[in-house]
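Work through the exercises below with the model open. Each task is followed by its solution.

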Amino acid sequence: MKTIIEKLNSKYNLQEIVYQRDNLVFAAINKENAIDAVTYLRDYEGFSHFVLMSCVDWIEDGKFQLLYLLNNPTLKSDLGLKVYIDRNNPEMVSAHHLWKQIWTYQRELKEAFGINFPGSPRVDENFVVEGWTDIPHMRRDFDTHEYAQKTYFPRGDRKTNDPAEYMRKKLYPNQPITAKQRKDDK
Amino acid sequence: MNIYVKLAYTFLGLMIVLNWGMLMGATMRKIGARVAGRHGIPFKQPWIDLFKNIGVRTTITHGIMYYIGPVFRLTGGVGLFLFMPAVFSGSPYGIWTNFSFEGDLILILYFQVFGMLGMALGAGEGGHPYAAMGIARGLAQHAAVELPLTLAFLSIAIQYDTFSVYKIVEAQQGGFQNWVLFTNPFAAAAVILAMLGALGHSPFNLVKAPNEILIGPATEYEGSYLGFMQSAGAIIHVMEAMLFMNLVFGGATNWFELILKTFLIYFWSVFVGIVFPRFKIEQSVTWFFKVPLLLGVLAILMYSF
Amino acid sequence: MSELDLNDKVSEMLAKSEANVIKSEKTFIHPEDEVREVVAPDGSIIKINPIYDYFSGERPQEEKPRGGIVEKFLNWARSESIWVLGFGTGCGSIEIPPLVTPRFDMFRFGIQMRPTPRQSNAFIISGYLSVKTLKRVIRTYEQMPAPKYVIALGSCTINGGMYYDSYSTINRLDKYIPVDVYIAGCMPRPEALIAGFVKLKELIKEGKAEKANEYARNFDEYKANQKKIIKDWSMPDYNW
Amino acid sequence: MEQLDLGHISLAIGFLLILIGFWGLLTQKNIIKIIVAFTILDTGINILIVSLGYIVGKTAPIVDNSVEQLENHNVVNSIVDPVPQALVLTAIVIGFGVTALMLAYAMKLFNAKKTLEINKFNDLKW
Amino acid sequence: MVTPIFIVAIALGVGFSIGVLNKLGKNFTGGLVLAAITFMTFISYQWFYAFTFGEQTPTYVYTAGFKPPFSINLLMGQYEAIITLMINSIGLLGGIYMFNSLKERGSNAQVVYLILIMALNVIVMTRDVFNLFVFLEISSIAIAGLILLEKGTRSMGAGFKYVLATSIISSILLIGIIFSYFITGTLNVDDFISLSISTYKGGAIVVFLIMIAVILELKPFPANGWGLDVYEGSDPGFSAIISGASATASLYVLYKIMAFAGVEWNYYISLIGIVTFVGSNLLGIKQENTRRMLGYSSIGQVGLLMVILGFKDILGENTPYIFFGILISHYLAKAGLFWLSGIVRAKGLKEWAVIRKKPFFLFLMGTFIFALIGFPPFPSFFAKWTLVMDLVQSGNIVWVAAILFGSIMEAVYLFRWFGYAIKEENKHLEDFKIEIHKIIPVWIVAIALYGFGYFVSQLTEVSSTINFIPFAFVILLFAIDFLPIFVKNTVAILGMAFYFYTIYPQLDNFRLIFEVIFIVGGILALIAGYAYKGKREGFYPVAILMYAGLTGIIEAKTTLEFFYGWELMTAGSYFLIIRGHRSMPHGLSYMLFSLGGAYAILAAFGIASVGQDSISMSIINNIQYIPTWAYALLIVGFLTKTASVGLHIWLPGAHGEAESDVSPMVSAILLKAGVFGVALTLIGMGAENNQYSVLAYTLGWIGAITALVGNLMAVFQEDAKRLLAYSSIGQLGYIVFGLAMMTHLGWLGGFSYVINHFLYKAILFLTIGAVVLRVGTHNMYEMGGLIKRMPLAFIAVLIGIIALSGVPPLSGFTGKWLFYNAVLDKGWYLQGAIMFFSGGIAFLYLWRLIHTVFLGQLKDNHRTVKEISIWFLIPIYTLIVGILVYSAKPQWILQPLAEIIAPFFPSNQLVWNGGTAISHYGNWAGTMVMAIIGIAFLAVLGVQLISTRKAHKVKQFDITYAGERPERPETTHVAYNVFEGLYKAMWPATIPLVETFWNKITNYLHDTAGFTRRIYSGNGQAYMLHIVFFILVTYLVIIGG
């Protein structure tokens, strides 16, 4: 695994290499080299299984972090390649030609984060939500509570209680509060 | 006999058969529930369902054929009753022999299809794919069942040298040792096995296959249509059992005997159905082409040489 | 990074993203609903408007109960023969199968499952409803023949339950389809379901379960609510 | 047959030529050689014809002085059978015609394909 | 009377004078040559006329004033007159045809052509063997010279091979001649005969040499590669002359030589002939080049003529009739075909599609091909008939089989060719130019063929009774083919109606049933023709041709008339079938199976006529010579038309691809011809005769298995018309089964099915055909939901399928009920069970038919289709009325049927008590059953009407779809591969064993042909080697062995 990472590093200049476990490594890679590296790993290093593709919204840094998680069945090892892309211009090269299931991941990311993958098949179609018109719903700047309040007739009389407090009051209304409980409450 | 009296008796008989069919259906479901350790439905449930269905307020129709499909079905059931001698009373023109003197076994065999075909066409106009699938399965299975049944019926007809159901019943009178079940065991065995397919319970309930193809042909039918089909189903179940009873189990000399025998015949298919899961079409078809067909051929060969 | 900085940053980002947010310009016409041109066998070109040509789409009419002894008898029959559509919309659907087990045995009450909406008169909304599922629920509900009854299961159908702030889950079911009986809980146990059925039977017998007519009466209001959240409305206004 | 008379010799030669002709027709690949073989065959047949009409000790059926000088002056008895002689004339003419035709063909064929190999002229077959 | 020597004189004179005139610079050679040939034709015609209508006796012409052997003498007898007339007239027509091409080659070519014709004349007339040799050589040189004068090099090789081969042959002839002179001292044929040369020492060898040379001139198989190359390579005009004139002359030489060769040669000539006939026709199958294929055909025909010559002692006084019948057909048709091939300029068979849209060319080509195969009304039909009759009567059945086999092989490639011409795509082909002087001779020979056909038919007593009126009607319709469809259709219908009116009183009831089905059914089917637009060229003549044939077999008093009608019907139906789209291969297989069947029937008629003093149809009631085989042959022959299992593979494609109103004609109507034949045969076998019980038993099994196979295959079809076609196979299986039972009930059931099948299959085919016309596809899965657009068509199909499936109360149940009783009566239980099982299977495909076409989802592009045409609805609803009447009052039809059957199968197995049929086994009251069911239905309907009075009409996507909605009708309509589950269970039963069997046979024949024809390597020496080997083998067989 180490040799693979070193080879890859020498080839594509990895950053933030994290050896999570013996058989699980994460590393960041440039946007330009990412698909090259994935292809290289698939074709030469035996990472034949595409596990998943995910996205993290680093709103503070103005970045989306895409993760391509690959698996090598012979080494029983996983390698996560992280790619940072600009949040304001979220676009990534499509990798649908490598594994067919990437279509679906990219379609999901397009819907949930608004990341575009030009050329990926059916990327514009609905994935989970149908007829979504607001900003992509998994972005951190999307306020789901406000949206729900606005859209779905919330019942005005809804009250929310801390279950522990509520049950204590309901079951043992007269019992004084112990010191331990007060400490816990803090 | 006056034709009006005859009609009245026939109508009465039809009512008996209809109600007995419903009761029998309820009983069988009750039995199934008991096997599963449940209480099951109340005995009155079929009637309640029928009334409820007739009381439905909105109905739809997909077209004329869809509309008269249930009519065909019920006519098929009623007609089957009309051409079947129900209770043997020593005369082909007896009070409970209905209009069986107008035709014979062949008429009954082919008339069975009348309702089925009408229903199939009606469901077809509904345009629902599951309806078509159910019918296709049903027809395939029907064809497979037909072969051993036909062989067995031919064998029985050869045995008694007649196609008249009445005469076959007549010949079986005078004790159970005269029943086809004992006098022509191969034919009887073929009938008993093929009967499972004809009655359409699990494992041969491909046509309806609830939850797989949504009750099959009846998918689009609701309300009164469904009520009609339920009634027809009740009648046809009894009529099928009655046909086998007349041909193999010595017929009936009174209504009680009829009820007992049809119950037992029907129970046999329910008994099998509770134990076995549903077949696929090809399994069902090949099943009929194995043992039942062999028995049917044996039944024929017995009389061929 | 301090908390204050973060907040600043976030609000800054928010302002930015407002500017270049991807507001979709989808019109949400289902591709199968677009008007299409086909060539007829005789060579002429004909226009197909699927929603108009393939669906009836007529408004539902109120079917007033006839009243009198007949109606009473029929109501009794309806109450004793509740045919439930086998459609699990949410997590509560796992509470329905126990009903057919020997322990609960709903058949005793004349309650049976049916596979097709055409033959059912009761619809259990089992728990939370996403917008996507709601579309199917509406379609299915409308296809059931009147009189029809809806049993809403769990707090999600009442006020959204634990999904009260979800962007994709509705809060109040009765804004979209009329509900006869609510069964509270998260989730209500099968006993509670049976209690709900018994309540429904009482309502039917009393002649109070006429929500199908209510739906027809307030059809426009219901439709407006439905269409407000279902943006890709790819079906006729009323599904027969 | 104590001695070989002229008739038998020519008969044998005729047959030999015929066989040679056949052999040549069937084995030679060059068209010109085939034509030559045919003429040999033709010649053989002609010799055959003449020799079949030959009667030992008799002269050609040309009625001139040499015949009249014979003892008995019986023309019929002193000449060989004239009919084969007449036939052979026709046969020679015919053979000539055929040979000429073949040569014409050979020329045209050579012009067409610049070869005289008979194997090359099998455009039409099967 | 001009002496025949002038033929030679004129030719030589003109030849020489042309040489002189050319020197003078005059150039009217062409006209002069034609004039000379015309004069030669006149001379021979004069003699022919004198022989035929006068009292002329054969005349010898002596040259140079001496008697043979010192001079050459010519004989002008009757045959010589005919044959020289044939040669000269073909020479004249050929001269006209080749006028321009001869002119291009210069005046020498014209002279050579003239000399060729003259040489052929002399070959025929001369009585001197050496003269024969000389003129044979002259003709060979002339032909080779003409080829030499052609432009281009392609034919050069062929010409050279021709010269080589003929010179070897003539060398052998010459050796033979000289030895013959040596041993006999004469060269005269008449002397040879009187001296009986073969008795001399060495005579046998001499005869052998002469004989083998003459036989080799006739290009026997396989020593005929040189001839084939010439046919292929040279100008089609020459090919016509070689095939028409040269071969005719050579045949006559053979006839002359046979006079002194001794009777033992007859057998060998026949043997060589039959080997040539079968062999070259077999090899013809593999040919793709038209002229080479025609060459094979020519050689084959000559082989057949050799067979006839070989059998001349056995055939006796019929020999000239047979010989000239076949010779004239061959000579005219082959010349016509060669000429056509010159006009069309198509080399490959498929390129003949260029004449696809030219009806007159198709007419010419069809005329020639049908004349070659021996269809009526051409002379070869009558000749072949007589030949087969005579051969069978003399016990040479194996020869008949070989001849018929060869004929079928010939039909294979000729009809394949014809099929290409009619059906193949011709977009990419260049059109050709028609020169008037080329087309005229073709027309002349075509018309002559019809003329000779009529003439020949009037020659003998039996054939002169044939009714040519229907055929004349066909010609009339062909003549008015340019008129609009409305007129033609009316004329056709009126003609048929009038004919039916005139013939009606002559028929007994048995025949009347079939005549009604044929003619009335035909009229109904023709009514649908009004729905078509345009002219529909060529449809009416062929349709009426089929009906002419059908009525012919009904009226037939003699077996010849029957066979005549049968062949006419085959020809007509072939044309009808091949009109459909993509139906070329099906038309071909239909034709081949039909011909095979027809030949079986022909052979059987021959056997039947043994020991009888007439050929009236009644002879099949009392066959004396190998009767079981004769009946078996008859049945096999008729079963090809009923498409029983094993012989059915032509039907699905033929019926499925035919036009909408043709399908009912060929299915509901035409198939009954086979039934009629089977019925006649079974009547002939007789009810009480146990001798044939094995035959009937086999037939019963065939019927039952046919029913099963047909119905089962119908279940798995995707094409609506093919489904109906397979269904027809199954239904015909029922009929055959019913008839095979040979009991009263069985026949009653069978006949009830005959009528029923006619009614409902006509309804179904007409309706589905009309629907196909509207929606433009045959595939059921591309239709659906059409009930909304075509309710009347739906009702028609509904009634049709209820009647077909045998569900009471409609009429199909009648047949089922009768069959059950008959099966029990006869004791054929297992077969019966198979039949009833197939009846059960019928539900599957019937439901599928109505469901996938009319129910389910209406497709996008069918949303505006209209109800089927009124012209289809009229016959459909007429037939529906028929079905309803039959259903309500079955006794109206069954009682007369029983009376018809009673004379053959007397019985009182079925008793009528009012409307109730009572058999020993059960009873059935059709009217009452219908009434009871009707009342029950109406009562139930009333209840439903009350309970669902407020039903809301919805549209097609308003279905419960598991919470979703259907997206497209195509994805919602269950129509493709509907019975997949059943298929998984029953696929072993659907393996097309029969088709595989016939495919294997076809492949085997093709492989054999493909392998064998490799001996024709194109190498001249190889051809010479063939000749040498042929001589050696023949020598070993005839003399050495």
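**Exercise 1: domains of chain E**

State the domains of chain E and the spacing of their centres.
Solution. Step 1: chain E is assigned domain 1 (1–127) and domain 2 (461–936); such bounds come from an automatic or database domain assignment. Step 2: between the C-alpha centres of domain 1 and domain 2 of chain E there are 57 Å.

The model is predicted, and local features need pLDDT of at least 70, side-chain atom pairs count only at pLDDT 80 or more, and totals for chains, interfaces and linings use all residues. Residues are numbered from 1 along each chain as its sequence is written, while chains are lettered from A and ligands numbered from 1 in the order in which they are written.

**Exercise 2: the sheet of chain A**

Give the strand order and explain which strands stand at the edges.
Solution. Step 1: chain A has an open sheet of 5 strands in the order 1-2-5-4-3, with mixed pairing. Strands (E, at least two residues) and helices (H or I, at least four) are DSSP runs, numbered from the N terminus; two strands pair if DSSP finds at least two bridges between them. Step 2: strand 1 (15–21) and strand 3 (49–58) of chain A each have a single partner strand, so one side of each lacks a neighbour in the sheet. Step 3: strand 2 (residues 24–29) and strand 5 (residues 77–86) of chain A run parallel, joined by 6 bridges. A:Ile29 is opposite A:Val83 of strand 5.

**Exercise 3: confidence in chain D**

Find the mean pLDDT of chain D.
Solution. The mean for chain D is 80, with 79% of its residues at 70 or more; pLDDT is the predictor's confidence in each residue, from 0 to 100.
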